[in-house]
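Please keep the sequence and the model in view while reading.

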Amino acid sequence: ADILKNSFISGTGILYTYWDNEADGSKGDIACEVLPVENVYFADYSEESVEKQPYIIIVTHCETNLLRRTAAKWGGQPERIKSDSFSDTKTTVFTKLYKEYKNNSVTVMAVTVSENALIRPAYSTHLSRYPLNVFQWEKKDNCILGESEVTYLLPNQIAINRMLTASVWASMSMGMP
């Protein structure tokens, strides 16, 4: 439901699917997360296909202590991870997804960093396609982002608000005490 709400309001809903090693005890499991469109940066916004993107950057905010444990586990730089200036416990994290081509095969690679530290060096996701699904409410030509239903309602609502404001002002200035 959240992905539909996001695509209705912003024009685009994004579902990120990944393998979560921490889920289901020691086995791990598939996890899905609805990402706000403002936290996903495509390399080429004029390219309509997710699969043709040279790279995609996903921005998240994670607990600093969790990131330090993750960096220690995967050979990152836990000592360099610092909390954001606007939060004592969270750090902004950038995950870059890109495709690596070798011997006529494609592998989606990922690397995770914060402002000052490498959290997880480049690793293979063992996928050949990006783990993102993009839902567009209304398709826009030459754009990976969609157009919102709300976009067309805003000018009407602004006109209605102005008309009501003028009516209130007229009543206040012309009305009898």
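How many salt bridges does a search of the whole structure find?

## Basis of the model

This is a predicted model, in which local features need pLDDT of at least 70 and side-chain atom pairs count only at pLDDT 80 or more, while totals for chains, interfaces and linings use all residues. Residues are numbered from 1 along each chain as its sequence is written, and side-chain values use heavy atoms, with hydrogens and water left out.

## Salt bridges

The search of the whole structure gives 3 salt bridges, the criterion being a side-chain nitrogen of Lys or Arg within 4 Å of a carboxyl oxygen of Asp or Glu. Lys139 and Glu48 are joined in one of them, at 2.3 Å from N to O. Because Lys139 lies in the loop between β8 (132-136) and α3 (153-174), and Glu48 in the loop between β3 (40-42) and β4, this pair ties together parts that are 91 residues apart in sequence; helices (H or I, at least four residues) and strands (E, at least two) are DSSP runs, numbered from the N terminus. Lys139 is exposed, at 54% relative accessible area, whereas Glu48 is partly exposed, at 32%; buried means under 20%, exposed over 50% and partly exposed in between, with a 1.4 Å probe and protein chains only.

Lys99 pairs with Glu51, with 2.7 Å between the closest N and O atoms. Lys99 lies in strand β5 and Glu51 in the loop between β3 and β4, so the bridge links parts that are 48 residues apart in sequence. Both Lys99 and Glu51 are buried. Lys102 and Glu100 form a salt bridge with their closest N and O atoms 3.6 Å apart; Lys102 is exposed, at 52%, and Glu100 is partly exposed, at 28%.

## Contacts with rings

The charged end of Lys99 also sits over the ring of Tyr130, 4.9 Å from its centre, and Lys96 lies over the face of Tyr55, likewise at 4.9 Å from the ring centre. For such a contact, NZ of Lys or CZ of Arg must be within 6 Å of the ring centre and within 35 degrees of the ring normal.

## Largest pocket

The largest pocket holds about 1200 Å³ of space, a volume being the space filled by probe spheres set on grid points that are joined across faces, edges and corners. Of its 38 lining residues, the closest to the centre are Tyr16, Tyr18, Trp19, Asp20 and Tyr123. On a 1 Å grid over the protein atoms alone, a pocket is an open set of points where a 1.4 Å probe fits, with protein on both sides within 12 Å along at least five of seven lines, and lining residues have an atom within 4 Å of a point.
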